[in-house]
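Visitor: Could you walk me through this model?
Guide: Gladly; have a look first, and then ask away.

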Amino acid sequence: MDGPSKEEEEEEDRAFTNISLADDTDHSSRILYPRCRSLLPKMMNADMDAVDAENQVELEEKTRLINQVLELQHTLEDLSARVDAVKEENLKLKSENQVLGQYIENLMSASSVFQTTDTKSKRK
């Protein structure tokens, strides 16, 4: 029942606006468009309020989502930097372990305590 009444519809059907499609004075090239001036202000105020409220909600949602995306991007950048730092530390520790392993191996080969004993040579 929110639609226009029968009288309003009849008034719309009778009221047309001529819009010229050419700059000449020939009236045969005109198109008729219905006039809705009487309903326009009423509809516009209610519709504009609803549209403004919807636009505001939509704008707030978009802003919230953009802020969330930016926050997640910063978090990802921080985690990526942390992963790179851990990789570098891991490579450094591996290199140190190789040096220490080689050092220990050299000490063991130089010490008589860690020399392999040949049991066959002692029995002869």
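**Salt bridges and surroundings**

Guide: Glu 61 is partly exposed, with a relative accessible area of 36%. Keep in mind that this is a predicted model.

Visitor: Is Arg 64 buried or partly exposed?
Guide: A residue counts as buried under 20% relative accessible area and as exposed over 50%. Arg 64 has 43% relative accessibility, so Arg 64 is partly exposed.

Visitor: How many salt bridges does the count come to?
Guide: Side chains of opposite charge can pair when their charged atoms come close. Another is Lys 62 with Glu 58, with the closest N and O atoms 3.5 Å apart. The count comes to 2 salt bridges.

Visitor: How many residues apart are Lys 62 and Glu 58 in helix α2?
Guide: Both belong to helix α2, which covers residues 40–110. Lys 62 is partly exposed at 48% relative accessible area, and Glu 58 is partly exposed at 43%. About one helical turn separates the two, a spacing of 4 residues.

Visitor: What does UniProt list for residues 62–96?
Guide: In the model, this span is 100% helix and 0% strand. The C-alpha atoms at the ends of the span lie 51 Å apart. The UniProt entry, which is unreviewed, lists residues 62–96 as "coiled-coil region".

Visitor: What accessible area do the residues of the nonpolar surface patch have together?
Guide: The patch is formed by Tyr 103, Ile 104, Leu 107, Met 108, Val 113 and Phe 114. Of these, Phe 114 is found in the loop between α2 and α3. Together the patch residues have about 640 Å² of accessible area.

Visitor: Which pattern does the chain follow along the sequence?
Guide: The secondary structure comes to 3 helices and 2 strands. Read along the sequence, these elements follow the pattern α-β-β-α-α.

Visitor: What percentage of the residues in the chain is buried?
Guide: The chain exposes about 11,800 Å², with 56% supplied by carbon and sulfur atoms. Among contacts with a separation of 6 or more, residues 24 or more positions apart account for 16%. Of the 124 residues in the chain, the buried share is 1%.

Key. Residues numbered from 1 in each chain as written. Predicted model: local features only at pLDDT ≥ 70, side-chain atom pairs only at ≥ 80, totals over all residues. Heavy atoms only, no water. UniProt positions renumbered as here; feature names shortened; annotations may be inferred. Salt bridge = Lys/Arg side-chain N within 4 Å of Asp/Glu carboxyl O. Buried < 20%, exposed > 50% of the residue type's maximum accessible area, 1.4 Å probe, protein only. Patch = residues over 30% accessible without salt bridge, like charges linked within 9 Å, V, L, I, M, F, W, Y side chains within 5 Å. Areas by Shrake-Rupley, 256 points an atom, 1.4 Å probe, with all protein chains shown as cover. Contact = heavy atoms within 4.5 Å.
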